[in-house]
Amino acid sequence: MVEQGNRQPSFKAGIYLLENLTSGMYTDPFAILREYIQNGVDSIDLSAQKGPVDQLEIKIELDPGERRILIRDNGQGIPAAFAQEVLSSIGSSNKTAPNLRGFRGIGRLGGIAFSDKAVFKTKAEGERVESVQEWDCKSLRELLAESKNRALTFNRVFQKITSFSQNKCKRSLESYFEVTLYGISSFRNYIFDITRAKRYLSQVAPVPFHPNHFSYAQEIDSYLERNLRHYRKYNIILNEERIFKPYNDKIKITKGGSDRLTGIRFFYLRDGREELMACGWHGEREELLGSIIKGDNSSGIRVRAGNIMIGDDHLLDSCFREPRFNSYALGEIHIEYDGLIPNSRRDDFVDNKSKNMFYNAVEREIGLPISKEIRLRSRTKSESRIQISPAIKEEERRDKATLPVLESEPTKEATPLQAIKKQPDNVFTEIMRTCKDCPKLTEIIEGICNLSKKSKSVLKVN
Ligand SMILES: Nc1ncnc2c1ncn2[C@@H]1O[C@H](COP(=O)(O)OP(=O)(O)O)[C@@H](O)[C@H]1O
Ligand SMILES: [Mg+2]
């Protein structure tokens, strides 16, 4: 055996790690706008701790002629003394406050994959120095393409393709962080489609509801402000136009029709210990007879963390009786629970127990009640657009027998089984769902209830 002594095995990070962190991360180029917006709003939040935020904003300029993208925020910037260190850290972040959205230290690299050159410029309030880091992304791609470079270390590549400088400028109160991506690859042309970019940002970015198009804006804002530790919306401007969320009082539905909202329902999602995982709202539709068209940009119950969307409008499809029922609905779920962590692509959550609890709660509290309502309404209207198969009818019959009725509280007169069915957060919900085909289900539940009534410990009935 070879003696190792106290020597630690040396650690080597190679060139392809950088490839994974850049081109390997996001297939949709709009995701890079989201990452830079996320950094911008984190920085604005930090500035907001010091004073008023009305003037704080993120400006995005898409310039198809020059094939250039610029994203600039006037948050707190990075002080000159730390800029080089912060901009040279990869895969580690100094964001520790729970309200800040970033924590992996890789989002800033998103633009490297899509451009020839990326320039980061920043300045902090009251300083005379602007710090600049440049990435030669074209050279990085050339290095990655040549087999002779396979043994290059991450560190060596970083030295070769980045440069850092500091320029003197006039002392001013101004603070900013600016990202400019030059020479955007033509494979990514659609990022310059301004209408498409606006549509993306209106759904994903943490922007306000439109005060004139959506009458429920204020009601929802004050509900979210009351129930979440941090709920904020930001001024985001795309090519001089301010962006708002896509919600409207009137909605366009399939086959050229329309429907309108008659109110908003609010809800809470809690874990097994009654701790708040998320809260949200969904719109009550007058007719509810068709799905909302894609072009309306509002369909589906959307999930947001830090008011930035996770996944897309189909993330929660599987929580509905039929996936398409999600696009009959519109609304938002805002995450509050620290255990629900967006994954690095932000297209879902990191796999853990909290994720399962969350999806179960969405199904129970939102997906199933909305699915039932859609079927009921389609049944009662003669112009129903849904073909109900015998299998679905059987499912409906079982729904009625086994699922909790969420809207109302248990009444004094309820039988034990009725009372259980009416309680949204009940240990029996799971038993009832998994054992719904058991012919003795009612007997078993009532037996447990009678026992618990005697001991007054498991379930309070009456
Ligand atoms: N707009 C910005 N304003 C101020 N600092 C920024 C901005 N963007 C990035 N940074 C700094 O660069 C670091 C790395 O950013 P990023 O790679 O997106 O990682 P993360 O957001 O996960 O920390 C951030 O932690 C922050 O310190
Ligand atoms: Mg980030």
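Biologist: Which loop is Asn 307 in?
Modeller: Asn 307 sits in the loop between β12 (300-305) and β13 (308-310); strands here are DSSP runs of E, at least two residues long, and helices are runs of H or I, at least four, all numbered from the N terminus. Keep in mind that this is a predicted model: local features need pLDDT of at least 70, side-chain atom pairs count only at pLDDT 80 or more, and totals for chains, interfaces and linings use all residues. Residues are numbered from 1 along each chain as its sequence is written, while chains are lettered from A and ligands numbered from 1 in the order in which they are written.

Biologist: What's phi like at Asn 307?
Modeller: Positive, near 65 degrees, and Asn 307 isn't a glycine.

Biologist: Buried or exposed, that Asn 307?
Modeller: Asn 307 counts as buried because it has 23 C-beta neighbours inside 10 Å. The cut-offs, using C-beta atoms placed from the backbone, are 20 or more others within 10 Å for buried, 12 or fewer for exposed, and partly exposed in between.

Biologist: And Glu 240, buried or exposed?
Modeller: Exposed, since Glu 240 has 7 other C-beta atoms within 10 Å. Its phi is positive too, about 75 degrees, and Glu 240 lies in the loop between β7 (235-238) and β8 (241-242).

Biologist: Switching to the ligand, how many residues surround ligand 1?
Modeller: 19, with Asn 39, Ser 93, Gly 102, Gly 107 and Phe 177 the closest; a residue is near if its C-beta atom, placed from the backbone, lies within 6 Å.

Biologist: Which helix gives the largest share of that shell?
Modeller: Helix α2 (residues 30-48), with three residues.
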